[in-house]
Amino acid sequence: MAKNSNSIMNPNAREAMDRFKMEAASQVGVNLKDGYNGDLTSKEAGSVGGQMVRKMIEAYENGLK
């Protein structure tokens with residue numbers, strides 16, 4: 001059976017990613033709720049994803065120092 005590319009094997013990792021996503025959303029002013037967020041606009045969803053990527057790159061760069 002094929003594995004879903006969005007599946008996270010470790011439940012702790014899923015919780016950490018959800019917290020990270022909520023933090024990123026609050027930083028860009030997007031109100032996420034637990035569960036389904038399909039009513040977000042593409043702009044809102046993109047701003048959350050973009051903020052997450054910026055934070056991950058920042059953390060990586062700080063780890064190199």
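Helices (H or I, at least four residues) and strands (E, at least two) are taken as DSSP runs and numbered from the N terminus. On this basis, the protein chain contains 2 helices and 0 strands. The structure is a predicted model, in which local features need pLDDT of at least 70 and side-chain atom pairs count only at pLDDT 80 or more, while totals for chains, interfaces and linings use all residues. Residues are numbered from 1 along each chain as its sequence is written, and side-chain values use heavy atoms, with hydrogens and water left out.

Of the 65 residues of the protein chain, 14% count as buried, where buried denotes under 20% relative accessible area, exposed over 50%, and partly exposed in between (1.4 Å probe, protein chains only). The accessible surface of the chain amounts to about 5400 Å², and carbon and sulfur atoms contribute 55% of this area; accessible areas come from the Shrake-Rupley method with a 1.4 Å probe, and for residues only the protein chains shown count as cover. Among contacts (heavy atoms within 4.5 Å) with a separation of 6 or more, 34% involve residues 24 or more positions apart.

The largest nonpolar core comprises 7 residues, namely Phe20, Ala24, Ala25, Val30, Leu32, Val48 and Met52. Helices α1 (11-27) and α2 (42-64) each supply at least two residues of this core, and the largest share, 3 residues, comes from α1. A nonpolar core is defined as a set of buried Ala, Val, Leu, Ile, Met, Phe, Trp, Tyr and Cys residues joined through side-chain atoms within 4.5 Å. In soluble globular proteins, nonpolar side chains tend to be buried together. When residues up to four places away in sequence are not counted, alanine 25 touches Val30, Leu32 and Val48.

Glutamine 51, located in helix α2, is buried, its relative accessible area being 13%. With neighbours within four places in sequence left aside, glutamine 51 contacts Ala24, Gln27 and Val28. The side chain of glutamine 51 also forms a polar contact of 3.3 Å with that of arginine 54. A polar contact is a pair of N or O atoms within 3.5 Å; within protein, one must be able to donate a hydrogen and the other to accept it, and residues adjacent in sequence count only if both atoms are side-chain atoms.

Asparagine 37 occupies the loop between α1 and α2 and counts as buried at 19% relative accessibility. A polar atom of the asparagine 37 side chain lies 2.8 Å from the backbone oxygen of lysine 33, and this side chain reaches the backbone oxygen of glycine 35 at 3.1 Å.

The whole structure contains 2 salt bridges, each defined by a side-chain nitrogen of Lys or Arg within 4 Å of a carboxyl oxygen of Asp or Glu. One joins lysine 21 and aspartate 18 (3.9 Å, N to O). These residues are separated by about one helical turn because they are 3 residues apart in helix α1. Lysine 21 is partly exposed at 34% relative accessibility, and aspartate 18 is partly exposed at 32%. In another salt bridge, between aspartate 39 and lysine 33, the closest N and O atoms are 3.0 Å apart. Aspartate 39 is exposed at 57% relative accessibility, whereas lysine 33 is partly exposed at 40%.
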